[in-house]
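Hi everyone, thanks for coming.

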Amino acid sequence: MSNIHNQVLPLGTQLGVYEIKEVSKIDPFEITYRAWNHHLKEWVGMREYFPYDLAVRAIDGLSVESKTAGDKGNFEYGLKAFLEQGDILTQIDHPNVVKAENILQFNETAYLIFDDQEGLPLAKLAAAPSSFAETEIKFILVSVLSALQKVHEFNTVHGNIQPDTLFLANNGEPLLTDFAAARLALTAKTAKQTDDLNNGYLPPELSKLSGQVGPASDFYALVATLYY
């Protein structure tokens, strides 16, 4: 996956009112940037739909296109899922769900714009010498269950709950980030697993690529995360 680092958008790229300032995260399905909203004068996060196995940056350095004609159908299938969940996330207002403010289509792909995340993932906090108290674990559990209730009411799932995607914000609130509709859709359609999904937090029905994604999938991943 090393070549994907050559596929990121150049710093300074402007997408509407947003200007890309730095690359935050690269994974097999998406590239996450930190951007500046020139209209509201604030930092935001920006996730670009970029399934590395299927896509490549076009010669203009901005657009995204499928690697081969045979990949086009799967690329567009995942893009549709990304757009659909992005639209749903802009409608969800819950203190424990990262706030999505916009879903944009540029460069033959899509970008989810969300609040800048100030805090640390559970993975980093759990690795510290001090451990979580039982009351803290219960607070995280109750808060995330409340968030999932709201998410599931919109007939969608998180699909990627793990210590790296569950944040504790600076105000102490747990925060669900990195929703995974596109990667789950592509995984189911192409029957191809990737390391970031096959990590011990994926429910058995999904790791075998034979089951349906639903609320139970999120509950399994949440319990596995809290056990960790």
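Let me start with a definition: a charge sits over a ring if NZ of Lys or CZ of Arg is within 6 Å of the ring centre and within 35 degrees of the ring normal. Here is one to look at: K67 lies over the face of Y52, at 4.4 Å from the ring centre. Another one involves R34, whose charged end sits over the ring of W43, 4.2 Å from the centre of that ring.

Quick housekeeping. This is a predicted model, where local features need pLDDT of at least 70 and side-chain atom pairs count only at pLDDT 80 or more, while totals for chains, interfaces and linings use all residues. Residues are numbered from 1 along each chain as its sequence is written, and side-chain values use heavy atoms, with hydrogens and water left out.

Side chains of opposite charge can pair when their charged atoms come close. The term here is salt bridge, meaning a side-chain nitrogen of Lys or Arg within 4 Å of a carboxyl oxygen of Asp or Glu. How many salt bridges does a search of the whole structure find? It finds 10.

R34 is in one of them, meeting the side chain of D116 at 2.9 Å, N to O. That pair links distant parts of the chain, 82 residues apart: R34 is in strand 3 (residues 30-37), and D116 is in the loop between strand 8 (109-115) and strand 9 (119-121). When I say helix or strand, I mean DSSP runs numbered from the N terminus: helices are H or I with at least four residues, strands are E with at least two.

Now, are these residues buried or exposed? We call a residue buried under 20% relative accessible area, exposed over 50%, and partly exposed in between, using a 1.4 Å probe and protein chains only. R34 has a relative accessible area of 23%, so it's partly exposed. D116 is partly exposed too, with a relative accessible area of 23%.

Next salt bridge: E48 and R57 meet at 2.7 Å, N to O. Both E48 and R57 are buried. Then there's K138 with E134, at 3.2 Å, N to O. These two both lie in helix 3, four residues apart, which is about one turn of the helix. E134 has 58% relative accessibility, so E134 counts as exposed. And if you like networks, find D27, E30, R47 and R183, which are linked by salt bridges.

On to the rings. A pair of aromatic rings is described by the distance of the centres and the angle of the planes. Rings of Phe, Tyr and Trp (its six-membered ring) pair if their centres lie within 6.5 Å; planes under 30 degrees apart count as stacked, over 60 as edge-to-face and the rest as tilted. The structure holds four aromatic pairs. One of them is Y49 with F82, a tilted pair at 5.7 Å centre to centre, with 40° between the planes. Y49 lies in strand 4 (residues 42-49) and F82 in helix 1 (residues 72-89), so this pair ties together parts that are 33 residues apart in sequence. Y49 and F82 are both buried.

Compare the geometry of Y201 and Y228: their ring centres are 6.4 Å apart and their planes are at 80°, so we call that pair edge-to-face. Y201 lies in the loop between helix 4 (181-190) and helix 5 (204-207), and Y228 in the segment after helix 6 (215-227), so here the parts tied together are 27 residues apart in sequence. Y201 counts as buried because its relative accessibility is 15%. For Y228 the value is 47%, so Y228 counts as partly exposed. Back at Y49, ring pairs link Y49, F75 and F82 into a cluster.

Last stop, helix 3 again. Which residue there is buried at 0% relative accessibility? That's A147, which is found in helix 3 and counts as buried at 0% relative accessibility. A147 touches H94, N96, V97 and L176, not counting residues up to four places away in sequence, where contact means heavy atoms within 4.5 Å.
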